[in-house]
Every structure is written in C-alpha cells, then in structure tokens.
Amino acid sequence: MGRSTAGRRRGEGGSAVGKDRPPRPLRGSGFRAPSSKEEAAAGRSAMTQSVVVQVGQCGNQVGCRFWDLALREHAAVNKKGIYDEALSSFFRNVDTRSGGDGPDIYKGKIYSLKARALLIDMEEGVVNEILQGPLRDVFDSKQLITDVSGSGNNWAVGHKLYGYQYRESIVEKLRKTAEHCDCLQCFFIIHSMGGGTGSGLGTFVLNLLEDEFPEVYRFVTSVYPSGEDDVITSPYNSVLAMKELNEHADCVLPIENESLFDIVNKIHQMINFGKLGSTVKQNSLVTSSAGSAKTVQEKPFDAMNNIVANLLLNLTSSARFEGSLNMDLNEISMNLVPFPRLHYLVSSLTPLYTLADVNVPSRRLDQMFSDAFSRDHQLIQADPKHSLYLACALLVRGNVQVSDLRRNIERLKPSLHFVSWNQEGWKTGLCSVPPVGHSHSLLALANNTCVKPTFIELKDKFMKLYKKKAHLHHYLHIDGMEQSCFSEAISSLSDLIEEYNELDATKGGPRIDPSRLQIAI
C-alpha cells in the first residue's frame with residue numbers, strides 16, 4: 001500500500017490532470033483496502049467508514065467524549081447487540097477470545113468494539129487517563145503514540161521536531177487503521193490551535209494524510225484559543241497552524257472556547273434559575289454525559305467537550321443511520337466549499353435541551369430553525385445572520401418532515417444574505433434517528449464571512465508579538481524552523497482575510513467574483 005501519486009497539494013499551480021499525471025481518484029469513493037481484504041469482505045455491502053485522529057490534550061479530551069457519547073447513541077438504537085453497518089462506520093468488531101487483537105467479525109453479535117481511531121499526544125497524562133478509565137477496552141496500544149516531555153506550547157516542536165521523529169510510526173498506524181476499513185471515506189482530526197502538540201503535530205498529521213491518502217476527505221475540528229488564554233505564544237501557534245489548514249484541509253469546523261463556555265452558562269442559568277428546572281430531560285442536554293454507555297465521573301471541561309462531541313455525532317448521523325434525505329460527507333465539501341481556501345464552516349446546534357413529556361408543536365420546530373441562525377447558538381463568536389453566506393447546510397435528525405424543512409428555509413431566506421451567484425445555496429439532510437433524549441435536532445453548517453473577525457483578531461494578536469520579535473528564539477532554534485515560516489504564515493492568513501473582504505464587498509451590491517483557481521490548459 002505505497003504512497004499514492006494521484007493527489008496534489010492544494011496551492012500548487014498547474015492543471016488538476018497534467019500531461020504526466022494520472023487522473024486524481026474520485027473524491028468520496030474512499031480509500032480501498034487491499035484485494036485480500038476485499039476478498040474477505042465478499043458478500044458484504046460496501047459501507048463507508050471514518051477514522052478519528054485526536055491530537056494533543058484538547059483533541060484527546062474531546063475525542064474521549066465523542067467515543068463515549070457515540071457508544072451511548074448506538075446503545076440506544078441497537079437493542080439486540082448486533083454488529084451492524086451503523087456501528088461499522090466508527091467501530092470494528094473484534095473477536096478477542098483468543099487474546100490480543102483477534103480477527104474482525106463482520107456479522108452477528110458484538111464481541112469487542114474497537115474505535116477506528118489514532119490517539120496522539122506528546123504528554124502521557126490524558127491518554128493514560130483514557131486507558132485507565134471506562135473507555136479502556138475501546139482502544140489498544142496499537143492505536144497510541146505518546147511521548148513524555150510535551151511540546152512546550154511550541155508549534156515548531158510539535159510540527160518540526162516530533163513530526164519528523166514520529167513520522168514513520170504515525171504513517172504505519174494510519175495504514176493499519178485504514179486496512180481495517182472496507183471503504184475509508186473520511187479522516188476527522190480533532191485538535192486545538194493554541195498549544196504545541198495539537199497545533200504543530202496536528203497539522204503535521206494533516207499533511208501526512210494528504211500525502212498518504214489523497215483521495216480520502218480531511219475534516220478538521222479546530223478549537224481556537226479564548227481571549228483569556230494563558231499561553232503567551234498561542235497567537236504564533238494558531239497562525240502557523242492556520243497556514244496548514246488553509247492548504248491541506250477539505251473542511252475546517254472552527255470552535256471557540258468562549259462560545260462553548262457561553263452555551264454551558266446559558267443552559268445552566270435556564271435550568272437552575274429559570275422556570276424550566278424539573279421539566280428538562282437531563283440526558284437531552286448537549287452538555288451532558290447522562291446515560292452514557294460508560295459510567296464516568298464528569299470533569300470540569302466535559303460539558304464544553306460534549307458540545308463538540310455532539311457536533312461530530314450529528315455531522316456523521318447520515319453516514320451511520322437511515323433517513324429520507326441522507327447527506328454524505330462528500331456532499332458537504334462539494335456543496336459548501338465553492339473556493340478551496342474558503343472551507344471554514346461555522347456550526348450551530350439546536351435545541352440545547354428538550355423539555356420532558358411535551359409534544360412538539362410546529363412553532364417549537366420553527367424555533368429550532370430560527371435558533372440555528374442566532375448568535376447565541378454558534379460555536380464561534382460570530383453572527384452569521386448579519387454576514388454573507390456562500391452556502392448553508394441543514395442536517396436534521398428525528399421526527400421532522402421534508403415539508404418542515406422546506407417551509408423553514410422559505411421562511412428564513414428573506415432575512416439571510418447569500419452571495420448573488422448562489423442564492424439557492426442550501427444543502428439539506430434528514431436522518432430518521434434523533435440524538436439520545438431528543439425527538440429532533442438540527443446542526444447548521446454555514447460557509448459564511450462571519451468567521452473573518454475571528455481571523456482578524458488572531459492576526460492582530462500575532463502582530464503584537466511579531467513586531468517585537470517576542471519569543472521568536474524559542475521557535476528558531478528548532479531544526480527546520482526559519483523566520484520565513486512566520487512571514488509566510490501571516491501572509492497566508494492576510495490573503496484569507498482579503499478573500500473574505502472581497503466577498504463582503506459584494507453584499508448588497510453588484511457581483512464581484514473573488515479570485516478563482518487558474519486552470520492551465
């Protein structure tokens with residue numbers, strides 16, 4: 001399973017299919033396992049799978065909540081304990097009776113579920129905690145890469161030092177994970193932007209995925225630092241990581257800690273100080289671990305991390321469960337990303353909780369759609385309703401009809417600003433299985449210029465340090481790290497901001513096409 005030559009780095013010039021280059025594989029068709037694996041899978045339908053790569057302390061803490069809540073969700077649906085296609089999306093079924101990593105079992109009862117995941121951290125603490133906790137049986141040592149010294153909040157240590165030190169090990173474990181998939185469609189990377197391992201090694205892994213699996217989608221969930229961040233060098237780390245996200249990701253789901261904190265506080269106030277109290281289903285909270293598959297003592301950041309975990313569960317619901325309007329992951333990238341660098345999707349989740357023993361009148365359903373476009377429900381500090389939409393996806397789960405979907409789109413359209421060349425830029429998905437504790441839910445993904453202020457603020461914080469050359473020496477003593485890395489990174493971010501500026505300039509005015517890919521003939 002050698003390295004494919006069919007892919008090309010985004011940002012390289014030239015035609016997509018050159019004179020000496022074979023055609024790029026059709027995106028979304030998925031990475032195919034070797035022929036021996038296909039023979040073993042004969043008679044089984046080709047269901048797509050996804051692999052989660054969680055990098056750094058934040059990435060592994062969010063990943064831990066994702067796997068716990070994913071097990072909760074499947075346990076609520078899969079009452080018979082049968083290994084089905086829904087489970088196969090993120091889990092292998094392994095016969096461990098003979099000890100060790102036994103053969104995969106593709107049909108019949110569940111033996112031992114193993115997450116399709118790779119856990120990477122340059123400190124052992126969080127990963128060891130996971131292995132000693134209730135999820136320990138979901139992972140094994142072949143899925144782990146750890147060190148003891150950490151990256152010291154330094155992107156260069158994570159990217160340049162540990163990246164090259166662990167490259168072969170990471171590639172080997174990624175390939176092993178891919179070989180267990182019939183049809184690998186997507187890698188989900190979970191990481192933070194402000195530290196050293198998540199930002200540096202996380203984006204190194206992103207580059208590796210493009211090199212080794214160019215035909216497999218790369219979705220990145222990136223947690224951006226808060227305004228009160230205590231890591232002095234986080235602006236450097238974030239901007240250096242942004243350049244890699246710009247060039248190598250297919251879709252990025254930016255998350256801000258401040259927004260997660262605000263949502264947690266809002267739910268807390270509504271339940272404890274409002275009139276809702278006893279009428280709220282506790283296991284319906286997007287912040288809650290109640291009813292999870294593995295009983296666990298909640299930690300301080302679990303409520304915030306559960307919100308991100310629910311985002312990923314809803315994003316992949318159509319790939320795991322049936323529905324009248326299933327939306328594949330490749331359709332999200334295809335429909336929501338009109339220009340390659342403008343692939344940052346603002347997400348919102350509604351409802352944040354469900355009232356117990358209450359039927360769902362249409363007005364409450366309509367409120368769910370309205371909330372998805374309100375500032376309070378966004379997972380970054382942004383207001384999409386007053387910015388410009390390039391495209392928007394609505395992923396609905398549960399007891400919702402197509403007519404409800406269409407009615408609400410028509411109701412909301414007059415209040416939303418879409419680019420002139422994509423006035424009908426809506427993509428919809430309808431999955432019949434609701435999240436645990438809910439009768440219905442909605443994940444909205446907006447490609448919207450409202451992300452621009454987040455990037456501008458990041459640039460300003462970077463420049464305050466960079467103008468003084470503060471802390472640069474910590475980075476420049478790492479082999480392969482040069483000052484040009486900083487100038488190229490801030491130039492990449494400035495170019496991205498300018499692309500959003502060009503789009504904003506068209507709002508309410510004549511059409512101005514932003515710069516596009518140049519296709520060489």
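This is a predicted model: local features need pLDDT of at least 70, side-chain atom pairs count only at pLDDT 80 or more; totals for chains, interfaces and linings use all residues.
**Stop one: I82.** Select I82. This residue sits in the loop between α2 (56–77) and α3 (85–88). I82 is partly exposed, at 36% relative accessible area. Now show its surroundings. Beyond its neighbours within four places in sequence, I82 is in contact with L87, G108, K109 and I110. I82 and K107 are 25 residues apart in sequence, yet their C-alpha atoms are 7.6 Å apart in space.

**Stop two: R218.** The whole structure holds 17 salt bridges. Select R218 and E210 to see one of them: their side chains meet at 3.4 Å, N to O. Are these two residues buried or exposed? E210 is buried because its relative accessible area is 6%, under the 20% cut-off. R218 is buried too, at 1%.

R218 lies in strand β8 (residues 217–224), while D250 lies in the loop between α8 (234–248) and β9 (251–256). The pair links parts of the chain 32 residues apart. Both R218 and D250 are buried.

**Stop three: K413 and E424.** Select this pair next. Their salt bridge has its closest N and O atoms 3.1 Å apart. K413 is in the loop between α14 (402–412) and β12 (417–418), and E424 is in the loop between β12 and β13 (426–431). K413 is partly exposed, at 22%. E424 is exposed, at 57%.

**Last stop: a network.** Select E73, R320 and R397. Salt bridges link these residues in a network.

Definitions and conventions: Residues are numbered from 1 along each chain as its sequence is written. Side-chain values use heavy atoms; hydrogens and water are left out. Helices (H or I, at least four residues) and strands (E, at least two) are DSSP runs, numbered from the N terminus. Buried means under 20% relative accessible area, exposed over 50%, partly exposed in between (1.4 Å probe, protein chains only). Contact means heavy atoms within 4.5 Å. A salt bridge is a side-chain nitrogen of Lys or Arg within 4 Å of a carboxyl oxygen of Asp or Glu.
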